[in-house]
Amino acid sequence: MAITIDRSVVGSEFDRTTHPPVAQTEVDAYAAASGESCPADGVAPPTFVVSLRSHRFMPKSLARLGRAGLDAGKDIELGAPIRVGDVLTTVSTVHDIYEKTGRSGPMGFLVLRTVVTNQRDEGVAVIDQRMMFR
């Protein structure tokens, strides 16, 4: 079954979420669950950004890209540290969409990019998440 790739969606924003101020209890819970160390100076572990949940996980127009989808990996580029009290904003866009042929046939890949900034407009992280569809 061929996968329809519509590259016109590349670059389109599909979610913008401003999160409540980061609470110490959230940082402590994340550190305990992930096994990360939690500095006493109110700085969250760098991977805390993956705990943020936006309003929309993926663009509505791409919700049915293929029969089955799976997580094909994440890349995280870290920036300014996250501190207790920071108000973080996530902006998610379709970064890329492409097709490859594997041993089992055609596969579609979707790369979603989420840029995280704080209230000072400092870059906190850029997260690229790849999803594979068949």
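Student: Is T114 buried or exposed?
Tutor: Happy to start there, and keep in mind that this is a predicted model. T114 has a relative accessible area of 17%. Buried means under 20%, so T114 counts as buried.

Student: Which strand holds T114, and which side chain does T114 join in a polar contact?
Tutor: T114 belongs to strand β4, which covers residues 105-117. Setting aside neighbours within four places in sequence, T114 is in contact with T90, V91, S92, A125, V126 and I127. One of these contacts is polar: at 2.9 Å, the side chain of T114 meets that of S92.

Student: How are the rings of Y30 and F48 arranged?
Tutor: Good one to work through! A pair of aromatic rings is described by the distance of the centres and the angle of the planes. For Y30 and F48, the centres are 5.7 Å apart and the planes stand at 85°. Planes over 60 degrees apart count as edge-to-face, so the Y30 and F48 pair is edge-to-face.

Student: How many residues apart are Y30 and F48?
Tutor: Y30 sits in helix α1 (residues 24-34), while F48 is in the loop between α1 and β2.

Student: What relative accessibility does F48 have, and what does Y30 have?
Tutor: Both values can be set against the cut-off for buried, which is under 20%. F48 counts as buried at 3%. Y30 counts as buried too, at 16%.

Student: Are the rings of Y98 and F109 stacked or edge-to-face?
Tutor: The ring centres of Y98 and F109 are 5.3 Å apart, and the planes are at 10°. Planes under 30 degrees apart count as stacked. So the Y98 and F109 pair is stacked.

Student: Which strands does the pair of Y98 and F109 tie together?
Tutor: The two residues are eleven apart in sequence. Y98 lies in β3 (residues 89-102) and F109 in β4, so the pair ties together parts of strands β3 and β4.

Student: Is Y98 buried or partly exposed?
Tutor: F109 makes a handy reference, as F109 is buried at 12%. Y98 has 24% relative accessibility, and buried would need under 20%. So Y98 counts as partly exposed.

Student: Which residues make the nonpolar surface patch?
Tutor: Let's begin with I76, which lies in strand β2 (residues 69-78). I76 is partly exposed at 34% relative accessibility, and patch residues need over 30%. The patch is about 220 Å², and the residues that make it are V50, I76 and L78.

Terms used: Residues numbered from 1 in each chain as written. Predicted model: local features only at pLDDT ≥ 70, side-chain atom pairs only at ≥ 80, totals over all residues. Heavy atoms only, no water. Patch = residues over 30% accessible without salt bridge, like charges linked within 9 Å, V, L, I, M, F, W, Y side chains within 5 Å. Areas by Shrake-Rupley, 256 points an atom, 1.4 Å probe, with all protein chains shown as cover. Salt bridge = Lys/Arg side-chain N within 4 Å of Asp/Glu carboxyl O. Helix = DSSP H or I, 4+ residues; strand = E, 2+ residues; numbered from the N terminus. Buried < 20%, exposed > 50% of the residue type's maximum accessible area, 1.4 Å probe, protein only. Polar contact = N/O pair within 3.5 Å; in protein donor to acceptor, adjacent residues only side chain to side chain. Contact = heavy atoms within 4.5 Å. Phe/Tyr/Trp six-rings, centres within 6.5 Å; stacked < 30°, edge-to-face > 60°.
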